[in-house]
Amino acid sequence: MASFKPTKIPIYPKLGEKVTPDTLYWKNYKAPVQIKEFGAVTSIDFSPLAPHNYAVTASTRIHIYGPFSQEPVKTFTRFKDTAYSGKFRSDGQLLVAGCEDSVVRLFDVSGKVALRVFKGHTKGVHVTDFTSDCYHILTGSDDYTCRLWDIPNSTELTSYKEHTDYIRCGTTSKLNRDIFITGSYDHTLRVFDARVEKSVMTMDHSQPVESVLLYPSEGLLVSSGGRYVKVWDLLKGGQPLVSLKNHHKTVTCLGLSSNGQRLLSASLDRHVKIYNTTNYKVVHNFDYAASILSLALAPDDESIVVGMTNGVLSIKHRKSPEEKQEVAGKQRVRPVYRVFVKGRNYVPKKDDFFVSKPVKSHLAKYDKQLKRFNISKALDTALELWRKNRKPDITVAVMKELDRRGTLKNALAGRDEQNLSQLLNFLIGNVVDPRFTPVLVTATEMILDIYQAVVGQSSVVDRQLVRLQELVEREIDYQQDLLEVLGMLDTLFATSLPRKEVPCPGSSRPNGLAEGGLGAPGPQLQAA
Amino acid sequence: MVAHAEIRVVHRGGSKINFREPVITNDSRFLLCASGESVKVYSSSSEECVHDLQGHTDLVSGIARNPSNHLQVYSCSADGTVRLWDFTDGILIKTFIIGYPIYSIYVSEKHGGVVFVVVPMANDKSSELFQLVAVHLPRSGDQEVEARELSAVLCDVSPSPGAASFGREGEYVAAAKGLQLEVFFFKKQKPYRFFLKPGIKKGSKNAFTCVSCHPKEDCIATGHADGKIRLWRNFNQKKEYTYSTLHWHHGAVNTLQFTPEGTNLLSGGIESVLVQWRYTQENQKDFLPRLGAAITHIAVSPDGSLFCTSHSDNKITIIQSCVKVSAIIQGLVKSEGVRTDLMIDPRSKALVLNGKPGHLQFYSLHRDKQLYNLDIVQQEYINEEGLDQFEVVKAAFDAHGDWLATVEERRQKGSELEINLKLWAYDEQTQSFVLNTTVTAPHEDQITAMCFSPSPETTMLVTISFDGHFKAWLLADHSDTKEGASWSCDFVGGYHLLKPGCCCFSADGSLLAVGFQEVVTVWSPSSWELLTTLSQPPGAIRDLCFGRLSCSKYLLGTSTKNQLCCWNILTCSLEWSTPMDVSLLQADPLSENIAAFCSQSGCSDLFVFKPGEPRPLYSQRALCTGKVQHAIFAPRDQMLESCEEHAQWLNRSQLYFLTQHMDLMTFSTKTEEDRLLASSKRLMVDNSVAVTPFYLLLGKHRLQQQQQQQEALTNPMAERIQLPQGSIAIKELLYTPAHVLPSASFLCSMFVRSLLISSSSAREEKEPVEEEMESEEEDSEGEAELRDARQDLEGSAAWGPGEELGTPALTKAQERELRRVKHFDHSWLSSLLEC
């Protein structure tokens, strides 16, 4: 005697992203903390020193936040105009920032007043950075020049005027104190050597360059501008390696995850994309509420800080392992656990006689009713389940099972107004879902057949029937449009294929499974 | 035509066991059931077939216990004989020749020496009218007796064995047919007839289907086509009879049976639920649900401790009276059509085909036993008539048996075809297939064929469908995600929107041939390029098959217009073609041979050929009637070494085929039969001697001795090696007068040793051990004369080498002791013998 086989609930393929180690890693962040700044957040920089405070440049201020504080631990307000590019020195003691008023200011992180003020630029300074020997400062300005300054003497060392447009990004080498790279709106990236009068390398990005980034090994350079992210091989004389086009608006900021395995790019299209640096494929994607201007990752990816055009600073902290365990522990300590293990951990003694009890398989309520052939009750139970958790899979599976048994019509019949309106509600909610359409269309037809005699007796049911009709009509129009688009695409694909070899028209379709199947149910319904 | 006397077509297994009601023996140890032309005896506890009672020349139509001897059964057959068997030894005792085809048999304890059989009224098979006759079995010592003493009891009865039953003490017999119940009283010699009105609403649903009489009381239970059971009482008069109605079944009641004490009534029908009604308390019922398939017969053991039910899926379930299933005897399930075709599971070498609804059955050809059922559909089966069920329509194994692909479909009136493609992975731990991927609606129309790529690099499946496309499915390894490997569609192909009919991979998997009506397209699976098209109009391609091994450059195709074509793939041209109505083309996976079944004037012919050779290897006309639609080459366990030229194609694998009547047939060669015969002969010899403890002691030795003596005449060396050490010792022991024997304690150990059978390995080790012993003996002093004596003994009784044969497994200390015992014993004994 075989046991009752429960109704099979089909598992539908999950739409959206697949679960990869990357998605698991990048999803392991807490809900973001949001801090409102005074203006668009143009720059974020993490201190290399242990608590890893970070400087946020927004409007005319630079705020320094602690790793878990929501209030700034320090604020620099001595700017006459919009501040730009607040950067920490590699020892975390000094901070440099440019300003729209062309003055570059150097602050002591513990002090308040500027230690040094560098004047010389004629327009706003958007780029500042320390060289790796800590004694010089690199600046880039809208007056097309980039300059090197000496900190102790606060004098200008050199000035390069090679760019022909605003310089909006730049970085210094962490390995060599004389090398630095700037990117400009004249579409070029230039590599300078302070020991030489001129730039030593020029690369054409062919878009206004918004951000540059050096790999820790400094063999590769990443630049972003326009919708493109480009990777250059410096050791091969600036040869382009890859060009990534994954954003649909200007890419404003770049970042590397601390182990150097993943590249992050933030864009005005409100997305942060994460690339694998071995094959440059997008492995994950973050969405934000507004266009992103700046992005920074704390060392070891402990937090991701993003600044947006609307002045909101969003900070995501990584979940600590204890918290994860806590969540798991909560699930385990349910009160019924003890009931389940009762007697299970008994170790039988040597001469105990073992009597095995047949394992009683647990059946869901609707399965029990199906087993007893209580079909209407089974359908009621399934509908009840849908009302509770809004998941139609089980309800549809029960309907399908009833249809297979040839008793769906009996189960649907004999319902009062309230029951019927519940059923119609369910149909309205799910009949156009392509996963459920084949079953639910049959059910809808049956309902219309059974209850056509009583149409007009209840205003509630009538209203729902009208809604159902509208829904189906809209779906039919939609499917027709889709079919037209499909036809157009087929024509395009056919013309793009080489002429001589068109062995099969079907092969050009991206997915043979989904075509056209959805249009069919509509007309049947109308007829009914 | 060439006649090949050495190759015979033989019936091989898979016969029906649910044709008639099984019979349980008095001691409930055995179960007998009619199976084709033989009666099978099964053990009711171990489910194994114990005996196969062969002798009838036509379908066995009934079995009945001999009421006067509980070790004997009667069987009747359509060949017009009733045979009496001893089922414990499987011996035919007597044959009674009736002369008419018999449809069922009844016995009654009160009617000694009489059996009741149902025979046609007119003496021809086409007759529709049947009568129940009593046959007086003549008492005679002959093996074959003609029983001509027939007396008609009832006219116009139903040929079904369930439609008649003998009542209390055999006083009356009740038979039902149509809407009429007829009760014949033997004392009064008078029949009473009772009629039912045809049901008003549902036409003739009121008809009787089965009858059972209460063994202790005057009560007849009848089952009806509308699911009702009526209990008739007071029927020994025409007017005042009464009946009460029980209703649980919603389909027809197929069978009814009272338990021997009459306390319970068992009924079964299409619902596959065994219902146990309490007699006189009919509202109390016990159920045994989900028995798998419709119940066709119920039998009860004479002591009432066991029930058994036959089911429409060729199964017998043995149920204990506490309504618990204790054993299941499952035969080869033969549904209406073998839709999946025959396959061989590469791992278990079992024959695989669709069995129970929604299942695949794995059937061992060697043991003629079903191994297991694989549930493909995984849905509760609702036993109801007129319900559209999911059916397994296609299945395929990959080359190593790691993957199984199945297609199930359900066609419902007025709605779309539901198709599921399922892929099953073989799980080493559970030794069965585990569902890996389900693809709902893989195609928009019926899938006509599918096959796995035989190439070892890729795991690829190709399905072709009437929607004009073929699809290639690849095992994609998502090692970066949690789900593991699953299947996904890799390529969709078509050819001018023609409907594809068949597909075939070349032996190395580098080419895929798909037949699109009249055109054969050849694709490269690695790049999905259309390489070439071959066409031989008129006639659509029906079957495609690549040659193997040395003939792998050939592609064979059959078309609907009776053409067998062979293309050379290297030149892309037609090599040869011949007009032939080939219904089936089957390639042997282990050789170049290809078998073609042709249908011609209602018969099937077989041709076995190599694509590269002009003459067929083997041909046989008129194999069987009707078209052969399913055949398979099953690889043999060990290669046959047959020297006949015509039988060589059967050396590596055996060809099985299913006839139109779903009989599983095969070809057997002479060498194979000789081997079988030899083994059965040996069994016969063994069986001819009564098995007593004494025989166990001596008989085998004697037999061996005889053989060895014969061998010794031709080869004295063989004698030396194979002589059993025990026989001479025992002989001496037995023939020596008792008063000269030493005490029993001396002889005992020697005697026991002599009975040990030396293994062959021991025999191989014999030489070095012997040498060792020789050297030891030389070392030990004072044994010289003993040794002389021993040699004398060897000379006289020729037992020298045998003595050492049994000893090598012993330790040296034991050996020495044993030797001492022997020397002591037999030095004087030999001298006695010499005297």
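Modeller: Buried means under 20% relative accessible area, exposed means over 50%, and partly exposed lies in between. The model here is predicted.

Biologist: Why is B:D156 called partly exposed?

Modeller: B:D156 has a relative accessible area of 31%.

Biologist: What makes B:D156 and B:K177 a salt bridge?

Modeller: The closest N and O atoms of B:D156 and B:K177 are 2.9 Å apart. The cut-off is within 4 Å, from a side-chain nitrogen of Lys or Arg to a carboxyl oxygen of Asp or Glu, so the pair qualifies. The pair links distant parts of the chain, with B:D156 in strand β14 (residues 150-157) of chain B and B:K177 in strand β16 (residues 172-177) of chain B, 21 residues apart. B:K177 counts as partly exposed, at 31% relative accessibility.

Biologist: How do you know whether B:D605 is buried or exposed?

Modeller: The relative accessible area of B:D605 is 4%. Buried means under 20%, so B:D605 is buried. B:D605 forms a salt bridge with B:R621, the closest N and O atoms being 3.6 Å apart. B:D605 belongs to strand β53 (residues 603-609) and B:R621 to strand β54 (residues 618-625), both of chain B. B:R621 is partly exposed, with a relative accessible area of 42%.

Biologist: What makes the contact of A:R190 with A:E162 a salt bridge?

Modeller: The N to O distance between these side chains is 3.2 Å, and the limit is within 4 Å, so the contact counts. A:R190 lies in strand β16 (residues 188-193) of chain A and A:E162 in the loop between β13 (155-160) and β14 (167-172), so the pair ties together parts that are 28 residues apart in sequence. Both A:R190 and A:E162 are buried.

Biologist: Why is A:R372 called exposed?

Modeller: A:R372 has 64% relative accessibility, and exposed means over 50%, so A:R372 counts as exposed. The residue is found in the loop between α4 (365-371) and α5 (375-389) of chain A. A surface patch of positive charge gathers A:R344, A:K357, A:K360, A:K368, A:K371 and A:R372.

Biologist: How do you know that A:E473 is partly exposed?

Modeller: A:E473 has 31% relative accessibility. That value falls between the limits for buried, under 20%, and exposed, over 50%, so A:E473 counts as partly exposed. A:E473, in helix α10 of chain A, is one of the residues of a negative surface patch that also includes A:E470 and A:D477.

Conventions
Residues numbered from 1 in each chain as written. Chains lettered and ligands numbered in written order. Predicted model: local features only at pLDDT ≥ 70, side-chain atom pairs only at ≥ 80, totals over all residues. Heavy atoms only, no water. Patch = residues over 30% accessible without salt bridge, like charges linked within 9 Å, V, L, I, M, F, W, Y side chains within 5 Å. Areas by Shrake-Rupley, 256 points an atom, 1.4 Å probe, with all protein chains shown as cover. Lys, Arg positive; Asp, Glu negative; His and termini not counted. Charge placed at Lys NZ, Arg CZ, Asp CG, Glu CD. Helix = DSSP H or I, 4+ residues; strand = E, 2+ residues; numbered from the N terminus. Buried < 20%, exposed > 50% of the residue type's maximum accessible area, 1.4 Å probe, protein only.
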